[in-house]
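Grab a pencil and open the model next to you. Let's work through a few exercises on pockets and aromatic rings.

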Amino acid sequence: MLKKLFGLSLSLILSLSYHANAQDIRISTKNNDLILRVGAGKLLYQPYLGKKLANESDINRLGYGHEAYISHGMKDYFSSAIRVVHTDHNPSLELCYKSHSQKQIDKNVTQTTITLKDTQYPIEVKLIYTSYAEQDIIKCHSEITHKEDGNIMLHNYASSMLHFDNKEYYLTSFSGDHAYEVNMSETKLDFGKKIIDTKLGTRANMFSAPFFIIGLDGKAQETSGEAILGTLAWTGNYSFIFDVDQNGELRIVSGINPESSEYSLEANKTFVTPEFIFSYSSCGVGQASRNFHDWALKYQVKHGDKSRLTLLNNWEATHFDFNEEKLSVIIKDASDMGVDMFLLDDGWFGNKYPRRNSTAGLGDWQETKTKLPNGIAKLVEISKENNVKFGLWVEPEMVNPKSELYHNHKDWVIRLPNRKEYYFRKQLVLDLSNPEVQDFVYKTVDDILTTNPEIAFLKWDCNSPITNIYSEYLGANQSHLYIDYVNGLYKVLDKLLEKHPEIQMMLCAGGGGRGDFKALEYFTEFWPSDNTGPLERIFIQWGFSYVFPAKTLCAHVTNWDKRSGIKFKTDVAMMGKLGYDIIYHDLSPADRAFCQRALITYKRISPTIQEGDLYRLHSPYNSDHASQMYVSKDKSKAILFAFNMTPRNRAIPPKVKLQGLDANKNYLIKEINVIKQAKNTTNKKQTQKEEDFIVSGSFLMNFGLDVFLANERSSKVFEITEQ
Ligand code: GLA
């Protein structure tokens, strides 16, 4: 993204950049300041991070705070940002300020580069901060270079170090497992270290998502109080260290997980760390989330400003068991429903080792002749005849030992040559640190897209973490593998993006095992979880909503939860990017008609959901209910979702106070997505439509609405329109 900005406004950058001698470096957004100061001995300090200071002169009154990017081996005893061993085995660094520059990239974006250099060794570390004024977002990363005689060894290399001097810190993390992603838990940080990290390599986020919240001076609240929301844009092993020292100071060290990843850096080469992105909010974490969403759609996510495709996927309906005939029926269903696209999932490839289940075929990307005698091309044609676009599942980074690829190219596989192979989902990971493998993966996907130029969408899966870690290609540099793998993947994705800029792509990793803002430069959306049961999805989508905009969260209506009706499932899925993975022709006529109407409704309301401001109104945690709303930027429209999970019989549901509307406007409140009353229904309340009414924004935000029911697995959706 930055590359693009550089390209566009190079002359602007050149004319505005300057090399200041000033000893204070102010990195500002609309509401916040991060201040860095050069102090005694030319060390760089962070005296302030918080709400914007009113006067330049206020800054003079700040002290020094803490050293901004602390190196190992000198006078500090807690977690360091950087640890280097020099060619002469000296394990220390003393980084002093050399220079800094600020470039106005455009009206909203400023880039600050601070160069630090060691006092004894020819090593430089650049700290680069990109601030987005309107969105109150700051991105930071570091770049390390040296001119020593030989390679230096990097042991840690943080993207960012931030310091806080508050009375209390509360950390919210998002952990889980397959089909149980991003469960929120909050813990108070006292003296000592808490680390959230992963070393799964590829399906890196399977147990823990790469973002966190810190509540400052109290637990993080949605609408009040100070909070930091942070994430790392890196599709691999990450680490966040929260270290509280004996004085109660908190430092947060964010970056690639350095475990098993020592990096031997040649002279004159630059080690570039990934971006750590954060937003500070003095009015609750809800605002920080909206900052992230706005920034992501404007600056980071592929096709952030474009609409997404609704779809019907065949995975839950057929798994691997399909042929051209079966798929033709599903494609017709897709057309009858009114979705934009049919998505063909796993199971279409492999001949010598056909992909009948997950044990064979990965790596051999030719259509299985017995299943699809006329290939993908025919399915694209059938889709076209039925007026739906065509999307395809691929998992190009992986290989099954039962495949021709494995037999021909064991040297391309991450595996220990002298040990028994350990499999995760009966597959292994290809060695993307190897340029030949990068070419293979690129060519696999490029061939599919070039042969079938009308493919509109790819679902790019990644079901295995890295196991049996060893790269034949890397030889003596084995500890580079986790990092070189990710950079190799980015090279492939860069080339694909350049050649196929229009293709929309979903990122998937056995559910929500991948999903970060660097990947979203290449992917338009991601699959948050294989668990599509609506009750669980309320929690999962709630968790991911902290940093990711609704447009990027794929949410499908499926048969996972037999106890939930089509309305409840659809209402939950509408809070993200709506899709379906059901046997449509098995639905009752009433449910089919509901799906058709829902898709028409979604077309109308999705701009508000996908591009509006999200307000999390009522948390599903410790509650029987949940509610979220989305408000258009001009506050003329809003969509309100209210869910009843498993309320107890006599529990009195709480009222919901709306947010984000204009207090002085009047709004029409209209219940939508109403299911027509079925005969013999036991759930009358669910099918009774609320009467439309008009009321002021001030009423809605101060008094609130009764939107919850006492019925289990029920929901209501309201369209709110300015009058
Ligand atoms: C993963 C995905 C599923 C499906 C299967 C196919 O588990 O999360 O949605 O695509 O792979 O094997």
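Predicted model: local features only at pLDDT ≥ 70, side-chain atom pairs only at ≥ 80, totals over all residues.

Residues are numbered from 1 along each chain as its sequence is written, and side-chain values use heavy atoms, with hydrogens and water left out.

**Exercise 1.** Find the volume of the largest pocket and say which helix or strand gives the largest share of its lining.

*Step 1.* The volume, meaning the space filled by probe spheres set on the points, is about 1,200 Å³. Of the 43 lining residues, Val 272, Thr 273, Asn 487, Tyr 490 and Lys 518 are the closest to the centre.

*Step 2.* Helices are DSSP runs of H or I with at least four residues, strands are runs of E with at least two, and both are numbered from the N terminus. The largest share, 7 residues, comes from α10.

**Exercise 2.** Work out what kind of aromatic pair Phe 212 and Phe 276 make, and whether the two are buried or exposed.

*Step 1.* Rings of Phe, Tyr and Trp (its six-membered ring) pair if their centres lie within 6.5 Å; planes under 30 degrees apart are stacked, over 60 edge-to-face, and the rest tilted. By this rule there are 39 aromatic pairs.

*Step 2.* Here the centres are 6.1 Å apart and the planes are at 10°, so the pair is stacked.

*Step 3.* Phe 212 belongs to strand β16 and Phe 276 to strand β22, 64 residues apart.

*Step 4.* Buried means under 20% relative accessible area, with a 1.4 Å probe and protein chains only (exposed is over 50%, partly exposed in between). Phe 212 has 0%, so it's buried, and Phe 276, at 1%, counts as buried.

**Exercise 3.** Classify the pair Trp 295 and Phe 517, then locate both residues in the chain.

*Step 1.* The centres are 5.2 Å apart with 80° between the planes, which makes the pair edge-to-face.

*Step 2.* Trp 295 is in helix α4, while Phe 517 is in the loop between β29 and β30, 222 residues apart.

*Step 3.* Both Trp 295 and Phe 517 are buried.

How values were computed. 1 Å grid on protein atoms, 1.4 Å probe; cavity = no way out; pocket = protein on both sides within 12 Å on 5 of 7 lines; lining within 4 Å.
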